[in-house]
Amino acid sequence: MRAGLLGAVGVVGCTALVLAGCQTSTADSPGVEATAIGTRVELAAGAIEGDVTADGAAHVYRGIPYAAPPVGELRFAPPRPVAAWEGVLETKELSPACLQVKRPPGSFYGPGADEIDEDCLYLNVWTAAADASERRPVMVWIHGGGLRNGHGGVATYDGEALARRGVVLVSINYRLGPLGFLAHPALSAASERGISGNYGLLDQIAALEWVRDNIAAFGGDPARVTIFGESAGSLSVSYLQASPLAAGLFHRAIGESGSALRATPYLDRDSAQGESGHAAGVRYAAALLGEGAEATVEALRAAPSERLLTAYRVEGVSFPSRCYVDGHFLPDTAWNIFHAGGQNDVPVIVGWNADEGPSLTGDGGPHSLDEYRAFVAETYGEDAQAFLEVYPASTAEEARAAYLSAYGTSRFGWGARKWAALQANVSSRSYLYFFERVPPGPQSALFGAYHAAEIPYVFDNLGRVDRPWENADRALADLMASYWVSFAESGDPNGAGLPEWPVYTAENDIAMAFGVEAAPRS
């Protein structure tokens, strides 16, 4: 432990600083001990010392351990409870991000984390509650990054603004890449359950269990927890809704541009639907340990951290950071679980952005009209003509635009709509959105309403991004943050003074479109 649009998607399938520990009246919250919240907080494992904002209106605690360091014998193992500590643990700095490969130079999303480490299972908490008895709604943010990179300490994920709006905000780290998702016969054989992989998702379960057991100390309500995330974070949210292990740990869910319900081959441990997780793990282990080396559990756990990353880049390895059907975290594919109404019955907000493609594809994909038509023919076969009727093109420029539009709809829009529609199989409602506001800046025309563009609006954190924001952006950030907080409070995004956001059904097919103005659209 550290020291101190919506297009035709059917075709593509205390406000002042006080001393901790001060006891006050519990008359307003019978059965709940009222404890003033200060920089020092007592948790189940020990005391922590955080920071207070300059105006004394909120507190922040960074780098709180929620599980034991997953190193040594705990590498490639489910998370274990954090060990209790003596004294006061300083929680004023972010922890390192989990081990990950740096993004390539010139990446639209920047180089990524500055500091990485295998000892990375930490979370951050922001609260403006004055007293532990307040029981404010809780929002737990799960970062994106393809389950390969990212971390909970990104500036746009700062939770102060949402905490000032009345929630307790938590952001987490979880294991990534092979450390988070390596399935291998040797690891399965050594496991009590006979399974391996899904460690990163089990980390998310452990973080939610920590929230359940500790969040009341920050003025949070463990019975009103919203999980939300973007991209791989949204993918994780959908897996958590599908997982029986997460039952009761959260009570609302928000998915932004990512879903486990996309119509792609599902990678699991034994299935014939695509390559099995074990097969991918055997290939990766050979690259990691070298030709002829026996892939024992001991060898896998002893491999140097740097080698874990370089093995990614060995030609032909193509290690998939994916969730596996293991009979434990996931008893079946998310597709089957949602279709059978077996998902955790909680209300959801789900949606995607108008221009997901440009920032993700880079220069990939077809650029000429002939390349586009060949791509469509190869990809959609007998449905190619139907596809071209929805995404027509008669010039190279139109072909490129059509490809990027279809990419976003098929990869993100289809899954969002399917997720929202399958809420009909449970009792809780769903709300669909479509984000189309183009953030202002020198590359606006190129990237549009890009993948992850909605995040600073949702967090009301425009000031943490260097762009020439306009009044329309500030108004939209206020609106979206209000919807998200209202949903965390009640399970319904609608609230006083907000434009009505209709409940989604497959029949009405209505989404809230977030642009210069916000309005429902079908």
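1. A452 is buried, with a relative accessible area of 13%; here buried means under 20% relative accessible area, exposed over 50%, and partly exposed in between, for a 1.4 Å probe and protein chains only. The model is a predicted one, in which local features need pLDDT of at least 70, side-chain atom pairs count only at pLDDT 80 or more, and totals for chains, interfaces and linings use all residues. Residues are numbered from 1 along each chain as its sequence is written, and side-chain values use heavy atoms, with hydrogens and water left out.

2. The backbone of A452 deserves a remark. Most residues other than glycine have a negative phi. A452, although not a glycine, has a positive phi of about 85°. This residue is found in the loop between helix 14 and helix 15; helices (H or I, at least four residues) and strands (E, at least two) are DSSP runs, numbered from the N terminus.

3. A positive phi also occurs at R135, a residue other than glycine, where the value is near 55°. The position of R135 is in the loop between strand 10 and strand 11, the latter covering residues 136-142. R135 counts as partly exposed, because its relative accessibility is 25%.

4. Rings of Phe, Tyr and Trp (its six-membered ring) pair if their centres lie within 6.5 Å; planes under 30 degrees apart count as stacked, over 60 as edge-to-face, and the rest as tilted. By this rule there are 30 aromatic pairs. One of them joins F108 and Y109 edge-to-face, with 4.9 Å from centre to centre and 90° between the planes. F108 and Y450 also form an edge-to-face pair, at 4.9 Å centre to centre and with 75° between the planes.

5. One aromatic cluster is formed by Y431, Y433, Y483, W484, F487, W501 and F514.

6. The structure holds 15 salt bridges, a salt bridge being a side-chain nitrogen of Lys or Arg within 4 Å of a carboxyl oxygen of Asp or Glu. In one of these, the side chains of D55 and R164 meet at 3.0 Å, N to O. This pair links distant parts of the chain, 109 residues apart: D55 is in the loop between strand 5 (51-52) and strand 6 (59-65), and R164 is in helix 1 (residues 160-164). D55 is partly exposed, with a relative accessible area of 47%, and R164 counts as partly exposed at 40%. A network of salt bridges links D55 and R164 with E160.

7. R75 lies in the loop between strand 6 and strand 7 (88-90) and E118 in the loop between strand 9 and strand 10 (122-127), so the pair ties together parts that are 43 residues apart in sequence.

8. A further salt bridge joins D509 and R417, whose closest N and O atoms are 2.6 Å apart. It links distant parts of the chain, with D509 in the loop between helix 16 and strand 17 (511-514) and R417 in helix 13 (residues 396-421), 92 residues apart. R417 is buried, with a relative accessible area of 8%.

9. Helix 16 (residues 471-490) is the place of D473. D473 is buried, with a relative accessible area of 0%. From C-alpha to C-alpha, D473 and V88 are 42 Å apart in space, and they are 385 residues apart in sequence.
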